[in-house]
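Good morning, everyone, and thank you for making the time. Please take a look at the structure on the screen, and then I will walk you through it step by step.

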Amino acid sequence: MSADDILKSLHPLEVRVLLRYGSNDIFDTHRIQEDVGLNLGQCNQAVSWLAAKELISEHERVHRTVYEITELGERLAADGTPEEQILAHVSDHGPAPLPQIASALGLENRDVGSAFGALSREGVLQMNGEKQVSVAAGTPSERMQQVRALLERARGGKEIAADRLSATEQEAMAGISKKRGSAGAPFRVIERDEVTYRITASGLEVQERLQAAGITGQEIGALTPQMLKDGSWRGASFRAYNIQVPPTRMVPGHRNPYCEYLDRVKDKLVSLGFQEFDGPIVETEFWNSDALFMPQFHSARDIHDVYYVKDPTHAKAIQEPYLSQVAAAHENGWKTGSAGWGYRFDRDFTRRLILRSQGTVMSAKTLPQAAIPGKYFGTLRCFRYDQVDATHLSDFYQTEGIVLGESVNLRTLLGFLQMFAEELAGATEVKYVPGYFPFTEPSVEVHIKHPVLGWFELGGSGIFRPEVTEPLGIKVPVLAWGLGIDRMALMNLGLDDLRELFSTNIENVRLRRGK
Amino acid sequence: MPKIELSQQAFFKYLGTTMQDSELEPLLTVAKAELDEPANAEGIVKIELNDTNRPDLWSTAGLARQLRVYREATVASYDFFSQPQQNADTAERRVVVDPGLADIRPFIAAFAVEGAPIDEPLLNDLIQTQEKLCWNYGRKRASIAMGVYRSDLITYPVRYRAVDPDATEFVPLGAGSRMSMRRMLSEHQKGQEFGSIVAHFDRFPLLTDDNGDVLSFPPIINSDRIGAVEEGDARLFIEMTGTDMPSLLTACSIVACDLADAGYTILPVTIEYPYDTPVGRAPATPFYFQQSSSTTVDYVERLLGRSIGAEELIEGLRRMGISADHAEGTVTVRPPQYRNDFLHAVDIVEDAMIGLGMESFEPQVPSDFTVGRLLPSELYARRVKNQLVGLGYQEMIFNYLGSQRDFIERMYPEQEWPQVILEHVQIENPMSENFEFVRRSILPQLLTAESVSANAVYPHYIYEVGKIVQRDPEDNYGSLTRNGVGMLCADIDAGFSLISSHVSVLFYYLGKQYTLREVADSRFIGGRVAEIVIGATAVGRFGEIHPEVLEKAGIQMPCAACEIDLDSVMEL
């Protein structure tokens with residue numbers, strides 16, 4: 001740090017300490033407290049900051065033991081020690097048994113017992129034939145007098161340095177002091193280093209600069225309402241802050257970036273003229289697959305691909321005429337011009353309740369009420385019988401949609417795919433390849449080139465088979481499309497594990513942000 | 001979607017040329033195929049095939065055929081097919097079907113081949129074709145099973161019989177000793193895997209030759225003699241049994257075309273049925289049963305969005321291996337023998353699209369005007385989210401499936417579990433007990449989030465706006481999906497008054513007046529839980545989470561929470 005930077009980084013407390021002393025001064029925290037008028041805490045802060053910046057340095061370090069009077073000590077100094085109280089009591093009231101003395105003085109039997117023991121050893125008190133305590137010498141022992149003298153010296157929160165005690169005083173002090181942390185003694189023993197400091201060469205240089213800049217350490221920190229009220233800010237000097245200090249962390253209210261991404265996709269689709277649809281999570285085999293002309297024996301309709309609802313197992317009814325028309329489309333093509341799948345449609349199985357496995361369900365369900373021309377979409381939670389890992393979830397989102405119109409065709413489908421690629425995914429290049437979906441013919445996959453990640457599949461699409469649309473009452477071509485929205489979200493969030501999208505870790509989600 | 005492995009060398013031989021991956025990859029799109037893994041050190045390439053209705057592509061020869069036909073624009077032709085009223089000469093090669101099979105596994109198709117000694121790549125390919133055809137297209141052998149045999153050991157006619165599974169014994173492939181067909185179901189690995197297809201019948205299907213030597217027990221296992229084909233065999237007998245004649249004949253044609261492409265002579269076999277079938281009582285197989293279909297040039301042009309013309313259309317179809325001709329704007333197509341995926345004119349349209357080339361269709365900006373709209377529930381959800389973010393909440397989003405432990409046991413005292421389970425939609429075939437229930441409340445997952453986030457700076461204010469599913473016996477589906485919001489505050493002083501203030505702010509800005517009433521809910525501390533009521537309708541609850549619940553969730557911070565049914569609030 002240059003001297004200028006140091007200058008800016010100084011706290012007013014440091015400035016005041018630094019300005020106070022000259023090159024020959026030796027000072028410690030006690031002296032600073034008196035000289036600068038700071039409390040001990042401020043002193044310690046200023047000294048440690050200045051030392052860290054090497055503006056002051058240690059001059060001398062002395063290890064000291066001091067005795068600090070405790071609350072108990074203050075009380076004994078004022079009220080007398082148990083020994084003093086017992087001696088006075090017996091002197092004033094004549095001999096008495098120990099318990100009687102204890103209760104008269106309001107002391108514990110134990111304390112009175114140990115005090116008597118000490119005093120009888122020193123020949124101050126004695127026990128007479130009737131087990132009563134009586135006066136022997138009648139005057140306080142030398143030790144008692146020394147204890148009294150120590151208490152008096154320390155009274156009022158003063159410390160006594162160990163090196164200031166005579167040998168007998170030290171002996172007396174040992175009996176009435178304990179180390180920090182232990183309780184119940186009149187004095188606490190404190191071991192500490194006493195350090196003295198002096199200003200360094202660079203400290204003197206900074207001091208000069210402070211003086212030259214007219215900085216006193218009395219500059220205004222926070223502007224207060226009072227200053228504004230009384231105008232005292234006028235003519236005052238405002239301390240320059242260190243603007244490089246890292247800001248304190250705040251935890252704000254925050255949207256989940258994954259949800260925000262889904263919202264943005266929805267908004268984009270609305271801007272392209274799509275109306276949103278939504279529907280129940282629990283669905284029937286009818287809408288999930290049959291209405292999409294997937295034969296009931298299709299390999300993707302295995303028990304191992306779809307979650308079945310335990311209870312109730314079946315819907316009460318499937319709406320007519322759609323049930324009969326879809327059933328006929330499967331069996332013989334109905335009036336669609338199709339040969340159909342040529343098997344017997346199972347009308348019980350079609351009512352089987354499952355968890356929606358594909359968003360296309362809602363595209364099909366929207367058809368009977370759809371306007372022509374019309375555009376519809378939904379971002380729908382879907383459920384698959386999959387082992388959960390980085391690329392598979394038990395439930396996930398699909399964004400699906402349809403476009404109905406007299407004149408829609410493959411080229412308008414490609415037009416939409418191009419629009420999605422550019423508007424939703426920011427693709428620089430788009431490629432269309434033939435695809436396969438059981439419910440569309442022709443089918444097209446759209447692949448896009450991501451600026452960073454290269455080519456990947458954005459989604460699938462096609463023109464609904466007439467066996468899908470006509471049984472649901474639609475005579476015009478219907479474009480259908482679906483986007484791998486969760487994968488796009490991962491890219492947007494810079495993640496590589498689908499499970500992260502549904503993270504339960506609050507800290508992760510707080511720190512997450514989209515592009 | 002099937003994945004196949006193929007020998008690059010064999011593939012290029014079928015294709016008639018070699019090519020780099022960069023040239024192969026775009027060509028594969030013609031077959032809706034993708035290069036999954038390029039050639040390894042042994043020259044094995046992995047390819048993924050997307051079209052589940054094109055089993056003809058699931059073999060080295062079949063995939064190469066489609067690509068070769070596309071490049072050369074020449075339809076592949078085969079001369080060994082029989083047609084209605086036009087059986088090929090089958091000499092002594094006959095399969096005689098027992099009447100008892102009519103209700104068990106009624107159909108069979110067969111042919112023999114002869115040619116060069118079979119080598120390892122071809123044998124592997126044949127086994128792979130058998131697996132893919134029978135698994136994906138043949139519904140795990142239920143509708144198609146295939147067997148390959150050493151025809152030198154067979155004395156015609158082959159007999160397809162229904163036999164007593166306990167009284168019939170032979171040595172199955174890979175077993176080493178005779179056992180009854182019944183025992184094979186429980187003791188042979190293939191019996192355990194596929195036995196359920198026939199186990200419920202009194203009699204089981206059995207193929208023998210005229211001497212009574214066993215070929216196989218369809219659809220389970222070959223015999224270990226006639227059914228043990230090895231490298232170097234030059235004469236094979238191939239049969240398929242099944243329940244659906246069109247798919248069976250298609251599968252038979254696919255394998256015959258593949259072997260013909262490999263240079264083998266196909267020797268047709270006559271099947272003699274004692275009952276009627278869609279192709280009569282004595283068809284010779286391989287059999288071309290497909291009907292021609294037709295559409296108009298105009299229909300194709302309307303769906304594809306550009307003018308094409310009959311000649312260009314026929315040329316495009318030819319690249320897909322389809323022969324077609326036209327008269328007065330109508331195009332009539334004859335599907336290739338190895339395909340049976342033309343249900344409707346749209347299927348012709350798609351092949352035309354691929355044959356003409358995707359690049360020949362320019363994207364067109366849509367012209368129909370429509371008004372875009374979000375759902376009212378979505379707009380309402382956004383109002384709620386904005387308000388909660390303003391209150392300092394972090395938005396969360398959770399999976400909708402969870403465990404009995406998290407959704408039920410952790411939230412309620414044990415005596416309430418049976419009832420609470422009934423209030424949930426439960427999955428009958430869960431993949432794991434971690435995902436066995438659809439959530440009926442958002443609170444359990446908010447608590448899960450809290451339980452794993454004790455290291456995050458407090459306070460924790462989190463919410464989710466999402467769906468829950470409630471059981472409802474009145475509903476057609478027995479349940480209702482509802483939009484709701486769950487909120488959770490975890491902090492030293494997160495209590496009733498805090499969450500109450502948040503609820504009050506939220507409803508103020510939603511413009512809804514509510515009253516509170518006492519409610520018993522064991523998830524909350526008694527006397528510190530309130531039901532939110534609008535008019536006379538309860539729309540939600542909030543309060544202090546019971547320490548019992550917190551303890552079970554491993555949470556050591558007081559939590560106050562709220563859950564509101566947004567659909568109700570919006571409607572009231």
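Let me begin with a question: what percentage of the 515 residues of chain A count as buried? Before I answer, please keep in mind that this is a predicted model. The answer is 38% of the 515 residues of chain A.

Staying with chain A, we can look at how it is built, and here we find 20 helices together with 15 strands. The radius of gyration of chain A is 45 Å, whereas the globule rule gives 24 Å for 515 residues, so chain A is more spread out than a compact globule. Its C-alpha atoms fill a box of roughly 130 × 75 × 45 Å when the box is taken along the principal axes.

The domain assignment of chain A lists domain 1 (3–55 + 200–230), domain 2 (69–191) and domain 3 (259–279 + 356–511). If we take the centres over C-alpha atoms, domain 2 of chain A and domain 3 of chain A are separated by 90 Å. As for the contacts in chain A with a separation of 6 or more, 66% of them are between residues 24 or more positions apart.

Now to chain B, which is divided into domain 1 (3–72), domain 2 (94–285), domain 3 (293–359) and domain 4 (376–571).

How do the two chains meet? On the side of chain B there are 77 residues in contact with 79 residues of chain A. Helix 10 of chain B provides the largest share of the side that touches chain A, namely 7 residues. Sorted by class, that side of chain B has 37 nonpolar, 25 polar and 15 charged residues.

Finally, let us turn to the nonpolar cores. The largest one has 250 residues, and those with the most contacts inside it are Leu479(A), Cys559(B) and Ala561(B). Helix 7 of chain B, covering residues 245–261, gives the most to this core, with 9 residues. A second, separate core has 15 residues, among them Leu10(A), Leu18(A), Val47(A) and Val206(A).

To close, which residues does Ala561(B) touch, not counting residues up to four places away in sequence? Ala561(B) touches Leu443(B), Leu446(B), Met487(B), Leu488(B), Ile499(B), Phe542(B) and Ile545(B).

Methods. Residues are numbered from 1 along each chain as its sequence is written. Chains are lettered from A and ligands numbered from 1 in the order in which they are written. This is a predicted model: local features need pLDDT of at least 70, side-chain atom pairs count only at pLDDT 80 or more; totals for chains, interfaces and linings use all residues. A nonpolar core is a set of buried Ala, Val, Leu, Ile, Met, Phe, Trp, Tyr and Cys residues joined through C-beta atoms within 7 Å. A residue is buried if 20 or more other C-beta atoms lie within 10 Å of its own, exposed if 12 or fewer, and partly exposed in between; C-beta atoms are placed from the backbone. Helices (H or I, at least four residues) and strands (E, at least two) are DSSP runs, numbered from the N terminus. Two residues are in contact if their C-beta atoms, placed from the backbone, lie within 7 Å. The radius of gyration is taken over C-alpha atoms; the globule rule is 2.2 Å times the number of residues to the power 0.38. Domain bounds come from an automatic or database domain assignment. Ala, Val, Leu, Ile, Met, Phe, Trp, Tyr, Cys and Pro count as nonpolar, Asp, Glu, Lys and Arg as charged, and the others, Gly among them, as polar.
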